[in-house]
Each structure stands twice: as structure tokens, then as C-alpha cells.
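Please look through the sequence and the 3D structure below before reading on.

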Amino acid sequence: MTTPASGDAAGPGRVEFSTTDPERAIAYLSHVYRTSLRVSGARDGYLHRHARADGGLFAIDDVWLPLHVDVRQEPLDSLIIVQIDSGRMERECGDVSERFLGGDVFVDAEPSLPATLRMLGVEARTVMLDLGVLAKVAATSPARVAGPIRLTSFKPRSALAGLQWQRTVALLRDMLENSEAAAQPLIRGSAARMLAASVLTTFPNTAIIDPTAQDRRDATSTTVRRAIAFIEQHPHADISVADIAAAANVSIRAVQFAFRRQLDTTPMAYLRAVRLDRAHNDLLATDPRHGDTVTGIAARWGFFSGSRFAAQYRRAYGVTPRDTLHHG
């Protein structure tokens with residue numbers, strides 16, 4: 001994952017930069033993205049901006065670059081997904097040349113290959129996601145957690161899939177703006193996995209989703225008991241479905257199928273229910289006069305959307321979390 005260059009700090013995990021000097025803008029972006037940029041058609045007086053919200057294993061960038069810029073991108077350990085708001089971008093990667101315009105969503109290059117990019121007056125939002133997170137989310141067994149997953153197309157499956165990707169990124173961008181939520185490891189880990197899952201949903205890929213015959217044989221009540229024991233011992237930890245499957249000594253697909261078959265839910269939904277219960281206990285035990293808030297307690301247990309937390313809480317307990325905090 002690239003590390004943000006130093007700039008104007010705007011809160012935890014956020015860096016902003018702006019200048020009207022095109023050479024300074026290119027020097028800054030070359031450092032941020034650790035790549036080679038060359039300017040053509042530069043004119044002074046135009047505002048160049050870059051804002052990064054850093055989630056640790058992922059980052060969401062907003063870029064305003066009123067220049068013609070040529071980029072030589074070397075192989076990365078991250079996947080970069082671009083959403084162009086305006087301008088034009090051209091890419092050559094392997095034997096493929098493509099052009100993208102405002103409104104397009106696409107993967108900027110095959111991570112294992114070098115690419116040549118040309119940006120023409122681009123305003124865009126980009127997402128950088130650590131490839132290890134993608135591999136872990138797409139893994140089909142504990143032994144293949146780090147196995148390679150290949151995208152078979154760098155364009156969304158459909159216009160609707162591209163739109164859903166934009167909505168997911170906007171949601172997580174708002175989450176990173178909330179410094180209290182963004183500071184919680186559970187939330188950052190969940191957000192990175194949400195992005196990885198969204199990549200697999202948005203772009204065609206080689207991940208295998210359906211359970212095999214062995215997965216079906218492993219989808220037993222014993223598997224569910226092992227998984228539940230692990231979840232209830234580690235609700236405070238940033239665990240994924242791969243960790244739950246490994247604890248149950250089965251594949252990810254097997255543990256998912258077991259939960260569907262035995263409990264009509266998913267391992268991660270069960271984990272969220274356990275964390276909701278822990279948040280409920282904290283709300284009951286906390287004195288709001290000591291400064292604790294519903295938002296802070298929700299974030300502590302991995303809930304970064306206050307409205308969603310409140311809705312889930314009310315469905316489970318029949319009252320609002322605020323009522324529990326103040327009258328518990």
C-alpha cells in the first residue's frame with residue numbers, strides 16, 4: 001500500500017494538498033503514488049488538488065488535475081479502481097489500449113504488469129486496495145488465504161454494478177471523515193473487506209463462490225459450534241470469515257454453507273449480532289455523564305454507521321440505543 005506524502009493534515013487518516021504550480025503538483029503526486037509522471041500542456045494559475053482519506057489497507061483519493069499528464073505505472077501491491085468525474089484517461093496495459101470518459105468506473109491496470117496512462121484534465125476519485133485483502137476475502141480455504149485472484153475484466157459487470165461501487169466508496173469515504181469511527185481497528189478492517197467484496201461483486205473474476213461437495217459434507221453442526229465458540233471468544237478482534245473458517249478447520253464456503261443450513265444466517269451476520277449484544281451491555285453499564293456516547297460505543301464494536309446501528313439495535317431490543325444509554 002502506498003503511504004501518503006506529507007501535506008496539510010486535515011484530521012486522522014486524511015491528507016490534503018493543493019497548489020497552482022503544476023511542477024509542484026507533479027512532484028507531490030509522483031511521491032504519493034511512487035511512480036513516474038511527466039507533464040505536457042501545463043499552464044500556471046490552475047488549481048491542482050489531491051485529498052486522501054487513508055483507511056490503512058485502503059485509501060480513497062480525490063484528484064483534481066487540470067493538466068495533460070503521462071504516467072508510467074510499475075507493478076503494484078495494490079489494486080486501483082478509478083471513477084472519472086470529468087476529463088479523459090487513456091491506458092495501455094499488456095496488449096490492451098482503452099479510453100475512459102466522465103462517468104466511467106474501471107480498474108486502472110493489471111497489478112502485475114506495467115502500464116502507461118495518459119490523463120487529460122482529469123477530476124477523479126480513486127480507491128487503492130491492498131491485494132492481500134482481496135485474496136483473503138476471495139480465498140476458498142484456510143490453506144489458500146493468500147492465493148491469487150485474477151480479474152477477468154477491468155470494467156464493471158454492468159452499469160448497475162458500477163453505480164453500486166460508487167455508492168459503496170461514497171459510504172466508506174464518509175466513514176473515514178468521522179475521526180471517531182475511523183480510529184477503530186474493527187471498523188477499518190471491516191471497511192477494507194467490504195471494499196474487497198465489492199470489487200469481487202463489481203468486476204468479473206476467477207474467485208469460486210459456490211460450495212463444493214466437500215464443503216457440503218463439512219457444513220455440519222460441529223462446524224457451526226466451533227465457529228460460534230471462536231466468534232464469542234474474539235468479538236473485540238478484527239476477524240474475518242477466513243479466520244472463522246480456519247478456527248473451524250474448514251473452507252470459507254463450508255462455514256458459510258453451514259451457517260445458512262443450520263442457522264439461516266452467515267458467519268459475519270452472527271459476529272455482528274454478538275457485537276451488537278456487547279454494545280448493548282456497554283450501553284447498560286455506561287454512565288453518559290462520564291462522556292461516553294452512543295457513537296463511541298457503536299464504533300468500538302465495529303459499527304461505523306450511526307443510523308444503521310440504531311436501526312439494528314431497535315429491531316433487536318425494542319428501544320433506541322440513546323434510550324438505553326440514558327435510562328439503562
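## Strands and their pairing

Strand 5 and strand 9 pair in the antiparallel sense over 14 bridges, where strands are DSSP runs of E with at least two residues, helices are runs of H or I with at least four residues, and both are numbered from the N terminus; two strands count as paired if DSSP finds at least two bridges between them. This is a predicted model, in which local features need pLDDT of at least 70 and side-chain atom pairs count only at pLDDT 80 or more, while totals for chains, interfaces and linings use all residues. Residues are numbered from 1 along each chain as its sequence is written, and side-chain values use heavy atoms, with hydrogens and water left out.

## The nonpolar cores

Strand 5 is mostly covered, with 12 of its 16 residues buried, where buried means under 20% relative accessible area, exposed means over 50%, and partly exposed lies in between (1.4 Å probe, protein chains only). In soluble globular proteins, nonpolar side chains tend to be buried together. The largest nonpolar core here has 33 residues, and those with the most contacts inside it are Phe58, Ile81, Trp165, Met175, Leu195 and Val199; such a core is a set of buried Ala, Val, Leu, Ile, Met, Phe, Trp, Tyr and Cys residues joined through side-chain atoms within 4.5 Å. Among the elements that each supply at least two residues of this core are strand 5 (58-73), strand 9 (115-130), helix 3 (159-177) and helix 5 (185-202), and the largest share, seven residues, comes from helix 5.

Leaving aside its neighbours within four places in sequence, leucine 195 is in contact (heavy atoms within 4.5 Å) with Phe58, Val127, Leu129, Trp165, Val169 and Leu172. A second, separate core of 27 residues includes Tyr28, Val69, Phe106 and Leu117.

## Two helices packed together

Helix 8 (residues 241-248) and helix 9 (residues 252-263) pack at an angle of about 90°, with their axes 8 Å apart; axes are lines fitted to C-alpha atoms, for helices over the stretch in contact, and angles run from 0 to 180 degrees between N-to-C directions. Helix 8 and helix 9 are therefore roughly perpendicular to each other, a term used for angles of 65 to 115 degrees. Val241, Ala242, Ile244 and Ala245 of helix 8 make this contact with Ile252, Val255 and Gln256 of helix 9.

## A loop residue

Is histidine 236 buried or exposed? Histidine 236 counts as exposed because its relative accessibility is 53%, and its place is in the loop between helix 7 (221-233) and helix 8. Not counting residues up to four places away in sequence, histidine 236 touches Leu186 and Trp301. Histidine 236 and arginine 300 are 64 residues apart in sequence and 8.4 Å apart in space, C-alpha to C-alpha.

Terms used
Parallel < 35°, antiparallel > 145°, perpendicular 65-115°, else oblique.
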